[in-house]
Amino acid sequence: GDLRKKLDESEGKRWSDLQAAAVTSSGLQQDMDLLSELIDQAPQGPIVGRLSEYFPEATTAGAAFQSVVSRAAPGLRVEGSGSTSDIEYAGMMKSLPRLRNRPEANRLIVGMMQAKADINIRRGEIVNAYQTGEIDAAEARQRLSEINSQSIISPELRAIMGGAVDAAEPIDSAGEPGAPREG
C-alpha cells in the first residue's frame, strides 16, 4: 500500500519531468537545426575559429553561431540540479559546438545533441499519450524502457565518426588529411 503509493508518486514526478524536458528539447532542437546550417557558413577551425570567438562581430555567421550556442546552453542544464557554478558552466560550454572546432567536430556534437533532444521529445510524447488515455501505464513503461535503451549515436552519426579524422590532423580544402584548412 504505502510503498506502491510512494512509487507511483515518484513515477508521476519522473514522467512530469519527461514532459518538461520534451518542451525544452523542442526549442533546443530548433537551435541545433540552426547551428547545423551555420556550420557551413561560420568561420571555424583552430586559428580562424579562435579569432572569430574573440571578435564575433567580424562575421555575421560567426556572431549568429555564438549567439545560438549561448542561447542553447541554459536549456542543457539539468532541472533540479541546483545552481551551476562558473566552472560547471564553462565545462558545459566547452562541450557545445565552438568556432575553434573544425566543422566536422561541430557536426558530430550537433548530431548527438539533436539525437538527445529527439529522445527527450519522444519520451514526452509517450507520457502525453498515457495522460490522454491513448495508452495504459504498462504500455507507457514499455515504450519508455525501449527508448531508454537507445543510443544517441545514430547509424549515420557512427558513419561520420568512423570517417572523422583526428582533430589534430590538418585538413586540406577538399576535406582530406593534408595542409591546414582555415575558414
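This is a predicted model: local features need pLDDT of at least 70, side-chain atom pairs count only at pLDDT 80 or more; totals for chains, interfaces and linings use all residues.

**The whole chain**

Start with a cartoon view. You'll find 7 helices and 0 strands, so the pattern along the sequence reads α-α-α-α-α-α-α. Of the 183 residues, 31% count as buried.

**Stop 1: Arg71 and Asp31**

Select these two and show their side chains. They meet in a salt bridge, 2.4 Å from N to O. Arg71 sits in helix H3 (residues 60-72) and Asp31 in helix H1 (residues 2-39), so this pair ties together parts that are 40 residues apart in sequence. Is Asp31 buried or exposed? Its relative accessible area is 10%, so Asp31 is buried. Arg71, with 48%, is partly exposed.

**Stop 2: Arg98 and Glu53**

Next, pick Arg98 and Glu53. Here is another salt bridge, with the closest N and O atoms 4.0 Å apart. Arg98 is in the loop between helix H4 (86-94) and H5, while Glu53 is in helix H2 (residues 48-54), so to speak a link between distant parts of the chain, 45 residues apart. Both residues are buried.

**Stop 3: Helix H5**

Now select residues 103-131, which make up helix H5. How far apart are its end C-alpha atoms? They are 41 Å apart, which agrees with the 42 Å that 29 residues should span at 1.5 Å a residue. Just after H5, click on Gly133, which takes a positive phi of about 85°.

**Stop 4: Glu139 and Arg143**

Move on to helix H6, where Glu139 and Arg143 lie 4 residues apart, about one turn of the helix. Their side chains meet in a salt bridge at 2.6 Å, N to O. Glu139 is partly exposed at 33% relative accessibility, and Arg143 is partly exposed at 33%. The structure holds 8 salt bridges.

**Last stop: Ser154**

Finish in the loop between helix H6 (137-148) and helix H7 (155-163), where you'll find Ser154. At 25% relative accessibility, Ser154 is partly exposed.

How values were computed
Residues are numbered from 1 along each chain as its sequence is written. Side-chain values use heavy atoms; hydrogens and water are left out. Helices (H or I, at least four residues) and strands (E, at least two) are DSSP runs, numbered from the N terminus. Buried means under 20% relative accessible area, exposed over 50%, partly exposed in between (1.4 Å probe, protein chains only). The expected span of a helix is 1.5 Å times one less than its number of residues.
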